[in-house]
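These are my notebook entries on one protein model. I record what I looked up, entry by entry.

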Amino acid sequence: MERTVSEVARLAGVSVRTLRHYDAIGLLPPGRVATNGYRYYGRPELLRLQRILLLRELDVPLPSIARILDEQDDEVSALHGHREQLLQERKRLDVMLGSIERTIAGLSGDDTVTDDEFFSGLSEARTRLREDLADRFGETVAEGFEKAVRETDGWTREDYERMGDEGRRLLLRMAAARDRGVQPDSPEAFELIEQHHQGVLELWPATPTSYYALGDLLVENADQRAIVEMVDRDLPEWLAAGVRAYAVQRLGYQQNDEQTVRRSV
């Protein structure tokens with residue numbers, strides 16, 4: 001059975017634009033193109049799309065996906081390989097989740113979390129954040145983060161819990177504002193975002209460009225998102241939108257600078 005590009009997009013949960021892009025780069029040509037220009041996809045193309053999406057979930061870049069698919073003709077063996085990768089990723093995420101939960105519990109005043117667990121979880125979270133910053137924005141930003149972390153080397157568990165309490169109170173106020181329908185780019189929201197920005201500056205000398213980019217981390221970094229979701233599951237996107245709007249309207253970030261984030265932060 002053949003399907004049109006719109007049917008495949010709906011079935012796979014991707015956009016028509018994505019499918020057209022995959023066709024343009026030779027990653028997923030349609031099974032045939034009719035004389036009227038319509039693209040049609042058969043079962044082989046759907047199976048290939050499934051593998052593409054699986055590899056995308058593993059953060060494999062598109063050029064590498066094309067090479068992997070071209071080298072693997074045996075569908076069953078290939079899927080076994082993808083399954084093993086997913087199992088390894090699940091194991092890694094389980095370890096990360098456990099660390100996040102210990103850190104959040106410790107910052108929330110859970111006395112059952114020992115000091116060893118607390119600082120171990122905090123150290124692991126910092127390492128992951130540093131790696132994420134390096135991947136996104138380069139070593140300069142990661143080194144700046146490390147310098148900021150060194151300035152807190154003398155902090156006690158109580159210092160971190162105090163910081164966590166202050167941050168949680170601010171997030172609760174943001175969640176209440178979001179519940180009332182306050183838009184993240186409104187003056188009322190900016191009063192809250194300004195406090196967030198000042199809190200960031202106390203720990204990290206973020207430029208307007210890097211503060212704008214922090215919006216992505218709040219949504220995409222597992223540790224950062226989990227901390228915000230502990231207060232309100234719908235808050236990460238609201239806060240991220242507010243951070244980006246604040247960077248543009250109050251800090252003077254130019255959105256056409258986005259392509260130079262790695263060089264300028």
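**Entry 1: the whole chain**

I note here that the model is predicted. I counted 13 helices and 3 strands in the protein. Of its 265 residues, 38% are buried.

**Entry 2: the nonpolar cores**

I then looked up the largest nonpolar core, which has 32 residues. The residues with the most contacts inside this core are Met 174, Tyr 211, Leu 214, Trp 238 and Leu 239. Two or more residues each are given to this core by α6 (115-137), α7 (139-150), α8 (157-179), α9, α10 (208-220) and α12. The largest share is that of α12, with 8 residues. Apart from this core I found another, of 17 residues, which includes Leu 27, Leu 28, Leu 55 and Ile 65.

**Entry 3: Tyr 211**

Which residues does Tyr 211 touch, leaving out those up to four places away in sequence? I listed Ile 193, His 196, His 197, Val 200, Ala 206, Val 243, Tyr 246, Ala 247 and Leu 251. I also looked up Tyr 211 together with Val 248: they are 37 residues apart in sequence, and their C-alpha atoms are 9.8 Å apart in space.

**Entry 4: Val 248**

Val 248 has its place in helix α12. Is Val 248 buried or partly exposed? Its relative accessible area is 27%, and I therefore recorded Val 248 as partly exposed, since buried would require a value under 20%. Not counting residues up to four places away in sequence, Val 248 touches Tyr 212, Tyr 253 and Gln 255.

**Entry 5: α9 against α12**

I looked up how helix α9 (residues 187-203) and helix α12 (residues 235-249) are placed. Their axes come within 10 Å and cross at roughly 85°. The two helices are therefore roughly perpendicular to each other, because angles of 65 to 115 degrees are counted that way. On the α9 side, the contact is made by Ala 189, Phe 190, Ile 193, Glu 194, His 196 and His 197. On the α12 side, I listed Trp 238, Leu 239, Gly 242, Val 243, Ala 245, Tyr 246 and Gln 249. By class, this contact of α9 with α12 has 8 nonpolar, 4 polar and 1 charged residues.

**Entry 6: α10 against α11**

At what angle do the axes of α10 and α11 cross? I found roughly 75°, with the axes coming within 5 Å. By the rule used in the previous entry, α10 and α11 are therefore also roughly perpendicular to each other. Leu 217, Leu 218, Val 219 and Glu 220 of α10 meet Ala 222, Gln 224, Arg 225 and Val 228 of α11. The residues of this contact of α10 with α11 divide into 5 nonpolar, 1 polar and 2 charged.

Ile 227 is found in helix α11 (residues 222-229). I recorded Ile 227 as partly exposed because its relative accessibility is 36%. From Ile 227 to Arg 168 there are 59 residues in sequence, and 8.7 Å in space from C-alpha to C-alpha.

Arg 130 lies in helix α6. Its relative accessible area is 19%, and so Arg 130 counts as buried. Arg 130 and Phe 145 are 15 residues apart along the chain, and their C-alpha atoms are separated by 7.0 Å.

**Entry 7: the two sides of α4**

Which residues of helix α4 (residues 62-71) are buried? I listed Leu 62, Ile 65, Ile 68 and Leu 69. Seen down the axis of α4, these buried residues fall within an arc of 115°, and so they line one face of the helix. I set beside this a general point: an α-helix has 3.6 residues a turn, so residues three or four places apart point the same way. On the other side of α4, Pro 63, Asp 70 and Glu 71 are exposed. What covers the buried residues of α4 includes α2 (16-24) and α3 (43-57).

Notes. Residues numbered from 1 in each chain as written. Predicted model: local features only at pLDDT ≥ 70, side-chain atom pairs only at ≥ 80, totals over all residues. Heavy atoms only, no water. Buried < 20%, exposed > 50% of the residue type's maximum accessible area, 1.4 Å probe, protein only. Helix = DSSP H or I, 4+ residues; strand = E, 2+ residues; numbered from the N terminus. Arc of directions from axis to C-beta. Contact = heavy atoms within 4.5 Å. Axes fitted to C-alpha atoms, helices over the stretch in contact; angles between N-to-C directions. Parallel < 35°, antiparallel > 145°, perpendicular 65-115°, else oblique. Nonpolar A, V, L, I, M, F, W, Y, C, P; charged D, E, K, R; others polar. Core = buried A, V, L, I, M, F, W, Y, C linked by side-chain atoms within 4.5 Å.
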